[in-house]
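Keep the structure open while you read, and look up each residue as it comes along.

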Amino acid sequence: MSSPTTGTGTDVRPILADFSVEMTAKDVDAMLEAAPSLPPGTRINVTFLGNEDAGMRRAAARAVRDAGFRPVPHISARRIADRDELDDFVGALHADGTSDSLFVIAGDPPEPIGPYDGAIDVITSGIVGRYGVRCVGVGGYPEGHPLIPEADLWSSLEQKVAAIAEAGAEGEIITQFGFDVDAVLRWVDGVRQRGIDLPIRIGVPGPAGIKRLVGYARRFGVGTSAGIAKKYGFSITNLLGTAGPDRFITELAAKYDEHRHGAIALHFYTFGGLRATAEWIQEFRKESAR
């Protein structure tokens with residue numbers, strides 16, 4: 001059997017075998033439209049946005065489960081008002097059979113509205129044991145964070161990994177999306193050098209309008225416009241059209257060393273285009289297999 005390769009002869013199977021995608025609680029219809037293009041059991045992360053409520057998030061996680069996929073509900077620590085709200089939400093997920101995997105982040109608000117300032121506060125709150133959470137995902141920032149010093153990012157990651165182990169759960173790291181493969185793999189090297197062997201899901205932007213892609217990157221402080229253009233192969237003077245991550249994925253697959261970098265996979269940020277992302281992945285996999 002021939003190996004799936006790109007036009008450059010790069011085998012992309014190792015990092016495409018177990019990809020995950022992301023949706024909001026409002027994307028249930030889009031998820032159902034995308035379902036035929038997604039492999040059964042695909043992990044679908046359900047985000048925790050301020051303009052959506054717990055009922056919507058819970059319903060979205062159930063819809064993901066009912067469609068034959070694996071829901072990964074998010075918890076934004078700084079958006080949780082108190083312990084009762086946290087318990088009610090995770091308890092409801094548990095009752096629905098959708099609490100097996102959670103992804104926990106601090107969230108966008110600059111200040112918490114309740115007692116949880118960061119992901120570690122949620123991880124150590126006792127919900128993992130109380131509600132049978134088997135896997136806890138946390139964030140990683142290969143190209144840094146515009147508001148957090150690098151040393152603090154590393155310290156926080158180490159503390160969260162230790163807290164997950166102490167809680168008796170498995171863990172994984174999902175990174176912010178990036179555009180620089182070399183920066184991503186240097187960061188992965190740093191993770192492994194710190195003795196962290198958790199699986200890492202590398203964040204990748206799904207196909208998106210170039211103007212929108214650059215806008216998201218600026219918002220999250222991920223690379224410069226010129227750097228994005230160079231890595232993705234479009235002209236910064238022409239922001240029309242759509243860019244996909246094929247060049248990034250091909251380069252990542254070419255430079256990935258399983259023995260050195262450990263277990264990695266891809267996590268696609270869909271920017272509201274879940275069906276377009278699912279269909280792009282399906283087509284890229286087909287092209288890669290030729």
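Start with I127: setting aside neighbours within four places in sequence, I127 is in contact with I75, L86, V90, L102, V122 and V133. What you're looking at is a predicted model, by the way. I127 and I75 are both among the residues that touch the most other members of the largest nonpolar core. The rest of this briefing goes through the cores, the strands and the aromatic rings.

**The nonpolar cores**

- The largest nonpolar core has 69 residues, and besides I75 and I127, the ones touching the most other members are V136, L157, I173, L266 and F268.
- Which helix gives the most to this core? That's helix α8 (residues 181–193), with six residues.
- There's also a second, separate core of seven residues, with I174, F177, F179 and Y269 among them.

**A closer look at V184**

- V184 is found in helix α8.
- Is V184 buried or exposed? Its relative accessible area is 2%, and buried means under 20%, so V184 counts as buried.
- Not counting residues up to four places away in sequence, V184 touches P142, I202 and F248.
- V184 and E143 are 41 residues apart in sequence, but their C-alpha atoms are 7.0 Å apart in space.

**Strand β3 and its partners**

- Strand β3 (residues 70–76) is mostly covered, with six of its seven residues buried.
- β3 runs parallel to strand β2 (residues 43–46), and four bridges join the two.
- To spot this pairing, find V46, whose bridge partner in β3 is P73.
- To get from β2 to β3, the chain passes through helix α3 (residues 54–66), making a right-handed β-α-β crossover.
- β3 also pairs with strand β4 (residues 101–105), again in the parallel sense, over three bridges.
- Here you can look for H74, which stands opposite F103 in β4.

**Strand β1 and its partners**

- Strand β1 (residues 20–23) is covered on both faces: S20 and E22 are buried on one side, and V21 and M23 are buried on the other.
- β1 pairs with β2 in the parallel sense over four bridges, and M23 stands opposite V46 in β2.
- β1, helix α2 (residues 28–34) and β2 make up a right-handed β-α-β unit.
- β1 also pairs with strand β10 (residues 264–269), in the parallel sense and over two bridges.
- V21 has F268 as its bridge partner in β10, and F268 is one of the residues that touch the most other members of the largest core.

**Aromatic rings**

- How many aromatic pairs does a search of the whole structure find? The search turns up five.
- One of them is F48 with F89, an edge-to-face pair with 5.7 Å centre to centre and 85° between the planes.
- F48 lies in the loop between β2 and α3 while F89 lies in helix α4, so this pair ties together parts that are 41 residues apart in sequence.
- F48 and F89 are both buried.
- W280 and F284 make a stacked pair, 5.0 Å centre to centre with 10° between the planes.
- Both W280 and F284 lie in helix α13 (residues 274–288), four residues apart, which is about one turn of the helix.
- Why does W280 count as buried? Its relative accessibility is 19%, and the cut-off is under 20%.
- F284 has 11% relative accessibility, so F284 counts as buried too.

**Charges over rings**

- R57 lies over the face of F48, at 3.6 Å from the ring centre.
- R194 has its charged end over the ring of W154, 3.7 Å from the centre of that ring.

**The whole chain**

- The protein chain has 13 helices and 10 strands.
- Of its 290 residues, 50% are buried.
- Take the contacts between residues at least 6 apart in sequence: 78% of these join residues at least 24 apart.

Technical notes:
Residues are numbered from 1 along each chain as its sequence is written. This is a predicted model: local features need pLDDT of at least 70, side-chain atom pairs count only at pLDDT 80 or more; totals for chains, interfaces and linings use all residues. Side-chain values use heavy atoms; hydrogens and water are left out. Buried means under 20% relative accessible area, exposed over 50%, partly exposed in between (1.4 Å probe, protein chains only). Two strands pair if DSSP finds at least two bridges between them. A crossover is right-handed if, with the strands pointing away from the viewer, the path from the first strand over the helix to the second runs clockwise. A nonpolar core is a set of buried Ala, Val, Leu, Ile, Met, Phe, Trp, Tyr and Cys residues joined through side-chain atoms within 4.5 Å. Contact means heavy atoms within 4.5 Å. Rings of Phe, Tyr and Trp (its six-membered ring) pair if their centres lie within 6.5 Å; planes under 30 degrees apart count as stacked, over 60 as edge-to-face and the rest as tilted. A charge sits over a ring if NZ of Lys or CZ of Arg is within 6 Å of the ring centre and within 35 degrees of the ring normal.
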